[in-house]
Amino acid sequence: MDGEREAVTLHPATSSPVTHGRDLVVAEAAVQIRGDTDIVGARQKGRMLAATLGFSSSELTLIATAISELARNIVQYAKQGEIILRLLERGGQRGIMVRAKDQGPGIPDIRKALQDGFSTSRSLGLGLAGVRRLMDEFEIESRIGFGTTVTARKWKR
Amino acid sequence: MEVPILKQGPYLIASIQSALSDADLLQLRDAIVHQVGMFRSRGVIVDVTALDVMDSFATRTLRDITFMIRLRGAETVIVGIQPDVAFTMVQLGLKLEGVPTALDLEEGIAFLNKKGPTPGKEASPRGR
C-alpha cells in the first residue's frame, strides 16, 4: 500500500472542461492549521476573501462552512497542515479556491471517504461528502503515508 | 471564549456571543450538563444567533448537549439559527433530528413553559 496513489477528480456534469492550469490567481492567502482554534481563523479569512468577490451572504456561509469542515479534517486526521485560499478568474468568471493540504496518513479509500455518513473519526461523517455538496468543484489527491490535498472551488453566479 | 450561562428561574440560558472553537463548544457542553444539576434546572436554552457557521462538529455537539440534558431529566431548545446557517445545514444534510429548535429566545422560553411539568403524566423524580 505504501506510496500507492489515488486521485479522484469530480466535476458536476454541467461544468466546463477542467482548466485549472488556466485559472488566473487574483489573490492568495494561506492559514496554518495546528489546532482547533485555527479552524475558526481559516473560515473567517475565507469568508473575508470571498466577500470581496461579492458572493451572497448564504454563499459566504456555504464557503465558510466548507473551509471549516476541511480544516477540521486536517486537525482530526493529520494534526497539522494548511488551508490555501485563492481568488480565481476563469474565462470571465470569478470564484474562490479552497485547498486543504496536509502531510498526514492519507486516505486509504477515497471513494468510501466521500460516501455520505462515512467517517473513521467521531464527526457526523459528513465532512468530505458535505464539502463536495457545498462547492462547485471538488478534487482529492491522497497518498498513503504522504498526505492529502483537497481542492474545492466555488464560482460566483 | 467562554460562553456565559445565565440562570433564569427554572431555566439556564447559554448565549453564544461569537464564533466558538471546538474546545469552546465542548467546554459549553460540560458546563451546561453540570449546571443543570447544580441549579436543578428544568430547561436549557442555547442561543446560537451569533453563530455564522454551524458545521458538522457544532451541530453534533448541540445534539449531544440536548441528549445529555434529556438524560439528566431536563429539556433543551436551540434558538436563533440564522437563515444562511439553516440553508447551509440543509445543504450539508445536518438535520438536528430530535433536537427542539425555536425562532428566538422568547419562543424558546414559550416552548419550555409549555413543556413544563405535567403532574401524573410525564412527571419523573427530579432528584439528582
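**Exercise 1. Determine how helix 1 and helix 2 of chain A are arranged in this predicted model.**

Step 1. Locate the helices. Helix 1 of chain A covers residues 36–51, and helix 2 of chain A covers residues 57–78.

Step 2. Take the axes. They come within 8 Å and cross at roughly 150 degrees.

Step 3. Classify the angle. Angles over 145 degrees count as roughly antiparallel. Helix 1 of chain A is therefore roughly antiparallel to helix 2 of chain A.

Step 4. Assign the hand. Helix 1 of chain A passes helix 2 of chain A in a right-handed crossing.

Step 5. List the contact residues. Helix 1 of chain A contributes A:Asp36, A:Asp38, A:Ile39, A:Ala42, A:Arg43, A:Gly46, A:Arg47, A:Ala50 and A:Ala51. Helix 2 of chain A contributes A:Leu60, A:Ile63, A:Ala64, A:Ile67, A:Ser68, A:Ala71, A:Arg72 and A:Val75.

Step 6. Sort this contact by class. It has ten nonpolar, two polar and five charged residues.

**Exercise 2. Find which residues of the largest nonpolar core touch the most other members.**

Step 1. The largest nonpolar core has 66 residues.

Step 2. Pick out the residues. A:Ala66, A:Ala71 and B:Val44 touch the most other members.

Step 3. Helix 2 of chain A supplies that share, with ten residues.

Step 4. Connect this to Exercise 1. A:Ala71 also belongs to the contact between helix 1 and helix 2 of chain A.

Step 5. Turn to chain B. Leaving out residues up to four places away in sequence, B:Val44 touches B:Tyr11, B:Leu12, B:Ala14, B:Ile32, B:Val36, B:Ile69, B:Ala74 and B:Thr76.

**Exercise 3. Describe the side of chain B that touches chain A.**

Step 1. Count both sides. The contact takes 19 residues from chain B and 23 residues from chain A.

Step 2. Name the helices. On the chain B side, helix 1 (22–38), helix 2 (56–71) and helix 3 (83–92) each supply at least two residues.

Step 3. Find the largest share. Helix 3 of chain B provides it, with six residues.

Step 4. Divide the chain B side by class. Eight residues are nonpolar, six polar and five charged.

**Exercise 4. Decide whether A:Glu69 is buried or exposed, then trace its contacts.**

Step 1. A:Glu69 sits in helix 2 of chain A.

Step 2. Apply the cut-off. A residue is buried if 20 or more other C-beta atoms lie within 10 Å of its own. A:Glu69 has 28, so A:Glu69 is buried.

Step 3. Look beyond four places in sequence. A:Glu69 is in contact with A:Gly127, A:Gly130, A:Val131, B:Asp55 and B:Ser56.

Step 4. Check one pair. A:Glu69 and A:Gly130 are 61 residues apart along the chain, yet their C-alpha atoms are separated by 8.1 Å.

Terms used: Residues numbered from 1 in each chain as written. Chains lettered and ligands numbered in written order. Predicted model: local features only at pLDDT ≥ 70, side-chain atom pairs only at ≥ 80, totals over all residues. Axes fitted to C-alpha atoms, helices over the stretch in contact; angles between N-to-C directions. Helix = DSSP H or I, 4+ residues; strand = E, 2+ residues; numbered from the N terminus. Parallel < 35°, antiparallel > 145°, perpendicular 65-115°, else oblique. Left-handed = near helix turned anticlockwise from the far one by under 90°. Contact = placed C-beta atoms within 7 Å. Nonpolar A, V, L, I, M, F, W, Y, C, P; charged D, E, K, R; others polar. Core = buried A, V, L, I, M, F, W, Y, C linked by C-beta atoms within 7 Å. Buried ≥ 20, exposed ≤ 12 C-beta atoms within 10 Å, placed from the backbone.
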